[in-house]
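Colleague: I am new to this one. Could you take me through it, feature by feature?

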Amino acid sequence: MVVALSFYTVEMSLPCLCPCPSSPISLSSSSPRYHLLHTANKRLDSSRYCRTLHISCSSSSAVTDQTQQSSFNDAEMKLIDALIGIQGRGKSASPRQLNDVESAVKVLEGLEGIPNPTGSDLIEGRWRLMFTTRPGTASPIQRTFTGVDVFTVFQDVYLKTTNDPRVSNIVKFSDIIGELKVEAAASIKDGKRVLFRFDKAAFSFKFLPFKVPYPVPFRLLGDEAKGWLDTTYLSPSGNLRISRGNKGTTFVLQKETVPRQKLLAIISQGKGVLEAIDEFLASNSNSAEDGYELLEGSWQMIWSSQMYTDSWIENAANGLMGRQIIEKDGRIKFEVNIIPAFRFSMKGKFIKSEGSTYELKMDDAAIIGGPYGYPVDLTNNIKLQILYTDEKMRISRGFDDIIFVHIGEI
């Protein structure tokens with residue numbers, strides 16, 4: 001729903017869900033190649049830091065029990081899997097990712113979930129926004145908050161368990177800063193539709209003893225402050241919900257997130273990652289004698305337990321940056337974008353030594369710019385142990401016992 005007042009327009013669906021190991025690298029310091037790379041180091045790596053790429057699936061919960069996944073059926077898991085790797089709750093999704101999500105949504109909407117969701121106790125409670133389509137009329141506030149993974153976006157739905165039925169939309173900035181809450185009086189129209197009217201909103205900052213009003217004159221907006229929200233699918237477990245708003249926006253919300261989503265969310269937030277990985281691995285142990293396989297495909301590194309060294313080329317050669325491309329016949333490649341139009345590439349081969357452990361020999365490195373390549377004299381032997389993998393995420397232990405988390409790229 002678009003809320004308009006002559007001189008400005010605000011889409012109240014914003015914060016809202018309502019519509020509105022390894023041998024040393026050899027590189028002679030007297031070589032011209034050394035000076036080229038040393039110069040690049042100064043430009044490209046000015047400090048040491050822990051590698052984290054922000055992704056979606058926001059959550060502040062600790063990873064706990066793998067059995068939680070059993071509360072989602074196969075069709076629901078297809079939608080959940082389609083959300084993995086999408087940044088900004090849909091803001092930066094690729095056409096293929098959007099198509100995968102849309103297809104999974106349509107399948108669920110065609111299935112029999114809870115028949116009359118608005119009359120079910122399962123719709124009550126706090127829902128976490130996992131994905132939303134981005135209408136062209138999205139307000140600046142919606143673009144600012146909803147598309148930022150470090151913020152958590154919720155919707156509280158209380159229709160039957162209170163004398164004051166409400167739908168509230170919350171943007172939680174952090175436990176330290178506080179949140180923005182936009183509230184609407186709500187009423188049930190039928191088994192799927194909830195009518196609402198926004199009537200109050202405020203920022204609650206932890207460092208202030210009072211709330212700061214949200215500057216939208218709801219009382220002056222009349223019908224523009226009204227809207228509706230249809231629940232087109234509510235899972236029998238009460239943990240997954242799909243809704244569509246009066247502006248045509250689609251929302252995917254969850255009460256309970258699967259362990260993989262929780263881990264990726266904690267990585268996105270950047271705190272307690274090692275502890276979360278330990279808990280995740282403890283609940284996802286592989287008892288098969290053959291262990292985990294090094295699955296084919298392109299894998300983007302989103303986090304590592306190792307602080308960077310002063311040389312980006314050492315980081316790249318040790319897999320601390322960029323992506324890994326696993327090919328057929330035991331071939332592997334590391335790729336790192338250096339500057340626009342230039343990238344570092346290092347190729348090699350891998351063999352499985354035992355269980356989930358692989359031996360990597362990387363011996364074909366080059367700086368590539370367009371159709372041209374500048375060879376780099378590098379050789380690196382790495383032992384890589386796969387601690388966990390599926391088609392969307394991989395956790396491994398590599399050079400110098402560093403823990404890596406990669407996500408599969410579309």
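Colleague: Where does V252 lie, and is V252 buried or exposed?

Modeller: V252 lies in strand β12. Helices (H or I, at least four residues) and strands (E, at least two) are DSSP runs, numbered from the N terminus. Buried means under 20% relative accessible area, exposed means over 50%, and partly exposed is in between, with a 1.4 Å probe and protein chains only. V252 has 0% relative accessibility, so V252 counts as buried.

Colleague: What ground rules apply to the model?

Modeller: This is a predicted model: local features need pLDDT of at least 70, side-chain atom pairs count only at pLDDT 80 or more, and totals for chains, interfaces and linings use all residues. Residues are numbered from 1 along each chain as its sequence is written, and side-chain values use heavy atoms, with hydrogens and water left out.

Colleague: What is the average pLDDT of the protein?

Modeller: pLDDT is the predictor's confidence in each residue, from 0 to 100. The protein averages 79, and 77% of the residues score at least 70. Residues 1-16 stay under 50, and the model has 74 contacts for them beyond four places in sequence. Residues 135-140 are also below 50. That stretch has 10 contacts beyond near neighbours in sequence. Where pLDDT is low, the predicted coordinates should not be read in detail.

Colleague: Back to β12. How many of its residues are buried, and which way do they point?

Modeller: In β12, 5 of its 5 residues are buried. T250, V252 and Q254 point one way, while F251 and L253 point the other way.

Colleague: Which strands pair with β12?

Modeller: Two strands pair if DSSP finds at least two bridges between them. β4 and β12 are antiparallel, over 4 bridges. There, F251 of β12 is the bridge partner of T132. β11 and β12 are antiparallel too, over 5 bridges. Here V252 is the bridge partner of I242. β11 and β12 also form a hairpin, with 4 residues between them. In its turn, G248 has a positive phi of about 85°.

Colleague: What about N239: where is its place, and is N239 buried or exposed?

Modeller: N239 is in the loop between β10 and β11. Its relative accessibility is 11%, so N239 counts as buried. Leaving aside neighbours within four places in sequence, its contacts are S71, F72, W127, L253, Q254, K255 and E256.

Colleague: What is found at the ends of α2?

Modeller: N73 caps the N-terminal end, with a side-chain oxygen 3.1 Å from the backbone nitrogen of A75. G85 follows α2, and its phi is positive, near 90°.

Colleague: Which residues of α6 are buried, and which are exposed?

Modeller: In α6 (residues 273-282), V273, A276, I277, F280 and L281 are buried. They cover an arc of only 130° around the axis, which puts them on the same side of α6. The arc is that of the directions from the helix axis to the C-beta atoms. On the other side, D278 and A282 are exposed.

Colleague: Which residues touch the most other members of the largest nonpolar core?

Modeller: A nonpolar core is a set of buried Ala, Val, Leu, Ile, Met, Phe, Trp, Tyr and Cys residues joined through side-chain atoms within 4.5 Å. In the largest, of 49 residues, I277, F344, L360 and I395 touch the most other members. Apart from it lies another core of 28 residues, among them W127, A184, Y214 and L221.

Colleague: Last, why is β6 called largely enclosed?

Modeller: In β6 (residues 166-174), 7 of the 9 residues are buried, so the strand is largely enclosed by the rest of the structure. β6 runs antiparallel to β5 (residues 152-158), joined by 7 bridges. β6 also runs antiparallel to β7 (residues 178-188), joined by 8 bridges.

Conventions: Contact = heavy atoms within 4.5 Å. Polar contact = N/O pair within 3.5 Å; in protein donor to acceptor, adjacent residues only side chain to side chain.
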